[in-house]
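Hello,

Here is the structure for your files, with the sequence alongside. My notes follow below it.

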Amino acid sequence: MSVSRRRFLILSACALGAAGTARAGAVHEWQGVALGAQTRLRIEGAAPGQAGRFLTEAQALLRRVEATFSLHRESELVRLNRSGILAHPSPAMQELLALTDRLHDATGGAFDPSVQPLWLARASGANDDQARRLTGWGQVEHDPDRVRLRPGMALTFNGLAQGWAADQLAALAARHGLGDVLIDSGEQRGLGQRVWDVGISGPDGTLLRRMRLQDRALATSSALGTRIGPSGDQPHILDPRGQRRARGTVSVSAATAALADGLSTALSVMSDDDADAALRRFSDARLEWRSPGVTEM
């Protein structure tokens, strides 16, 4: 799975515009950065005050997401990785831990946030062997009272947190009574009756497919969208099991952006048959694009 920051409009499916004619009312847009990726919110048909109140709360929400899952500033996750133990994990942390349990099981271990030491070793050109011994979701202990890691282990939620952030923004928009909203936090989620015209892009920006998105989420992972290693030639999505080299691009849609995010990452390092079996475990998930098969390592 990936532990690299995803790049808005490069690794993710890119919004190409809204299909049809917008309902009466102004269009409000906001752009900022969350979890190292550009985040864009587009609201159609809302009164200025209604949109403004939502955008103010949305920015506060994104700051809380950073304070929980960021790897690049002091956060709940950084404290866990530093000390190896986290007492009384937040509800957000507990939610992603629980979703990771489901994804890890369904994907046969292809989705595994404990891959962080392996990613750091690969990025620096260090030997993988020691780092791989520090990888394994089964070694992570967690319950509502605490999270405990083995010495030297570290987690990343970059394969879930951006999608989860989009879901939280969607829930916030609903509480504000907003109708047609497009959220792009590195993964996309469209709300309301609007049918959004979106595109799935490869790592070089090539348009691979156009599709319509209505009240649904879309996530795209491109293995070479970000390159790591001393020579800059390694994919940033790694197989924690050490079995396969990640395929080019995978895109998944689902009812929630977090699920789409996690599946698109895991399926990048799974055989076609295994990926199809994993998708059948989630009735609301659909494969939207898959590059040619992965190769054995």
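Rings of Phe, Tyr and Trp (for Trp, the six-membered ring) are taken as a pair if their centres lie within 6.5 Å; planes under 30 degrees apart are stacked, over 60 edge-to-face, and the rest tilted. This is a predicted model, in which local features need pLDDT of at least 70 and side-chain atom pairs count only at pLDDT 80 or more, while totals for chains, interfaces and linings use all residues. Residues are numbered from 1 along each chain as its sequence is written, and side-chain values use heavy atoms, with hydrogens and water left out.

Aromatic rings

The ring rule gives two aromatic pairs. Helices (H or I, at least four residues) and strands (E, at least two) are DSSP runs, numbered from the N terminus. F69 has a relative accessible area of 0% and is therefore buried (under 20% relative accessible area; exposed is over 50%, partly exposed in between; 1.4 Å probe, protein chains only). F157 is likewise buried, at 0%.

F69 and W164 are also edge-to-face, at 5.7 Å centre to centre and 75 degrees between the planes. Since F69 lies in α1 and W164 in α6, this pair ties together parts that are 95 residues apart in sequence. F69, F157 and W164 form one aromatic cluster.

The sheet

Seven strands make an open sheet in the order β2-β3-β7-β8-β11-β15-β16, with antiparallel pairing; two strands pair if DSSP finds at least two bridges between them. β2 (27–34) and β16 (286–290) are at the edges with a single partner strand each, so one side of each has no neighbour in the sheet. From one strand to the next the twist averages 10 degrees. Axes are lines fitted to C-alpha atoms, for helices over the stretch in contact, and angles run from 0 to 180 degrees between N-to-C directions.

β15 (residues 249–254) is joined to β16 by four bridges, the two running antiparallel. S251 has W289 in β16 as its bridge partner.

Helices on the sheet

α1 packs on the sheet and touches β2 and β3 (37–44), its direction making about 10 degrees with that of β2. Contact means heavy atoms within 4.5 Å. α6 also packs on the sheet, touching β2, β3, β7 (180–184) and β8 (188–191), and its direction makes about 15 degrees with that of β8.

Regards
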